[in-house]
Amino acid sequence: MSIMGLDDYFKEGVDFISNVDFSKSKTNDTVSIFETTIRYLGGMLSAYELSNGSHPKLLEKATQLADKMTYAWVGDNDVPFGHIDFSTNTPNRDSSNIAEAGTLTLEWATLSKYTKNDKYRKLAEKSARRIAIQPAPLPGLPAQGIDPESGEPVGGYVTWGGGSDSYFEYLIKYARLNSDADQLYADYWRLAVDSSINTLLRTSTVGNHVYLADFDSSRRIRHVSSHLACFHGGNWLFGGKLLNNQTIVDIGLQLVDACWNTYSSTATGIGPEVFAFISSDGTYTGSDDPINLDQFFFNSKHGFYITAADYIFRPEVLESNFYAWRVTGDPKYVERAASAVKSFNDYLSVNGAYSGIWNVDDIDSDRIDDMESFWFAEVMKYLYLTFDDPKHISLDEYVFNTEAHPFKLPSLKTTYGSNGTPTPSGGSFRVQDGKTPEVSQIPGLPSLKDIVQGVLGNVEQAVLN
């Protein structure tokens with residue numbers, strides 16, 4: 001609302017937040033540290049900055065909320081537990097993933113900046129650092145799962161998709177946001193990208209679409225991707241420009257194009273939740289079920305095939321499209337955004353609102369009776385800024401958190417990271433058994449982890465978490 005100049009609505013929102021008591025809970029439900037950080041904490045701090053500090057209640061409430069979340073760090077643990085009961089300040093002692101544990105630095109460091117209390121930054125940094133420096137299945141690419149109790153990895157699954165995604169996103173963004181941050185953030189992001197180019201980067205046999213495959217605990221490449229993973233193109237553009245690395249920028253643009261192809265190839269012009277590729281080195285996706293005839297013919301025409309056909313307001317494809325527009329100035333990205341708007345209005349709008357759909361390749365698809373908050377925070381914002389003056393919320397002046405809340409940037413440094421290759425501590429990586437949490441939970445719907453990792457057999461109309 002602040003970005004769009006809707007000042008009356010912005011003030012109404014501030015007034016509402018000012019009367020919320022975040023120190024108490026009226027339910028026994030647990031609170032996600034990750035989701036609460038990126039949505040609530042990030043939203044309040046961004047609004048505080050965008051209004052030039054004129055609403056101190058926003059900072060007060062952000063501090064109140066963060067103080068409750070600090071109970072997720074137990075004892076000397078580097079890594080917080082993923083969920084906490086606000087009624088008792090007791091965390092659920094379950095395993096977590098690197099996205100949940102490694103996507104805190106932007107928000108918590110910003111809170112420390114304005115409160116002058118460094119404890120928030122230190123908590124977030126020690127979690128991200130622990131993930132970065134421990135042994136990994138591939139250089140710079142940690143296992144998706146992590147045990148907050150021990151700080152050790154769980155399993156050996158590597159992906160740029162859900163459960164890992166925003167950990168990688170925040171490494172390079174935090175290096176840009178905090179001029180005093182350790183060089184390891186930029187170094188480990190660069191190592192993750194280099195390792196991905198060497199090991200995960202693939203090209204489809206049809207259409208030459210470039211994608212990042214997954215790498216499982218048995219050290220096999222899985223030719224899968226997802227809407228969630230499609231943030232990577234924009235992130236590589238952001239980081240490639242920051243590090244003055246044209247190779248990373250060029251690959252980032254190819255990743256953006258491949259993800260947009262998942263939109264332009266469907267009957268509705270909207271991209272699916274999960275999809276797979278066929279590459280010269282194989283078709284393995286982790287599933288025991290072979291590609292079916294419909295998927296085969298779809299792939300022969302479009303260079304990928306759909307394994308979960310729903311759309312639940314994911315922003316990542318249009319997020320990366322926004323970065324591509326800002327980096328290149330090529331009007332094709334504005335045209336793509338306009339095409340998405342038309343598709344959303346044609347197939348998602350209902351009764352003055354919008355709904356998800358079960359099948360993006362069916363213009364008469366059944367609806368999903370749900371509208372996510374990130375539809376407004378991310379999809380609508382990235383679209384608005386794609387059509388807006390590029391000088392407004394300039395990428396030279398702001399960095400977006402993973403919920404698209406912008407934070408003001410310091411002056412640009414001459415260089416980011418060191419000239420060397422970071423060395424993980426603790427010896428060689430070993431796969432350790434354990435259960436990893438579901439990704440982006442939506443109650444009552446099948447999980448992303450089950451679908452991507454091949455546990456479910458028939459996923460043609462599954463909705464992912």
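These legends go with several close-up views of a predicted model. Residue numbers start from 1 along each chain as its sequence is written, and side-chain values use heavy atoms, with hydrogens and water left out. Since this is a predicted model, local features need pLDDT of at least 70 and side-chain atom pairs count only at pLDDT 80 or more, while totals for chains, interfaces and linings use all residues.

**View 1. A look inside the second largest cavity.** Rolling a probe the size of a water molecule over the atoms shows where empty space is left. Helices (H or I, at least four residues) and strands (E, at least two) are DSSP runs, numbered from the N terminus. Which element gives the most to the lining? That's H10, with three residues. By class, the lining has seven nonpolar residues, two polar and no charged ones. For this tally, Ala, Val, Leu, Ile, Met, Phe, Trp, Tyr, Cys and Pro are nonpolar, Asp, Glu, Lys and Arg are charged, and the others, Gly among them, are polar.

**View 2. A nonpolar patch on the surface.** Met1, Met4, Leu6 and Tyr9 make up this patch, with about 420 Å² of accessible area together. Patch members have over 30% relative accessible area and no salt bridge; nonpolar side chains (Val, Leu, Ile, Met, Phe, Trp, Tyr) are joined within 5 Å, and like charges within 9 Å. The areas come from the Shrake-Rupley method with a 1.4 Å probe, and for residues only the protein chains shown count as cover. Tyr9 sits in helix H1 (residues 7-18) and is exposed, at 53% relative accessible area. Buried means under 20%, exposed over 50%, and partly exposed in between (1.4 Å probe, protein chains only).

**View 3. Two loop residues with positive phi.** Asn89 has a positive phi of about 60° though it isn't a glycine. You'll find Asn89 in the loop between strand E2 (83-85) and strand E3 (90-91), where it is partly exposed at 23%. Lys116 also isn't a glycine, and its phi is near 65°. It lies in the loop between helix H5 (105-115) and helix H6 (119-133), and is exposed at 73%.

**View 4. Salt bridges.** Side chains of opposite charge can pair when their charged atoms come close. A salt bridge here is a side-chain nitrogen of Lys or Arg within 4 Å of a carboxyl oxygen of Asp or Glu, and the structure holds 20 of them. One joins Asp78 and Arg130 (3.1 Å, N to O). Asp78 is in the loop between helix H3 (56-69) and E2, and Arg130 is in helix H6, so the pair ties together parts 52 residues apart in sequence. Another links Lys342 and Asp346, with the closest N and O atoms 2.7 Å apart. Those two are separated by about one helical turn because they are four residues apart in helix H13 (residues 332-347).
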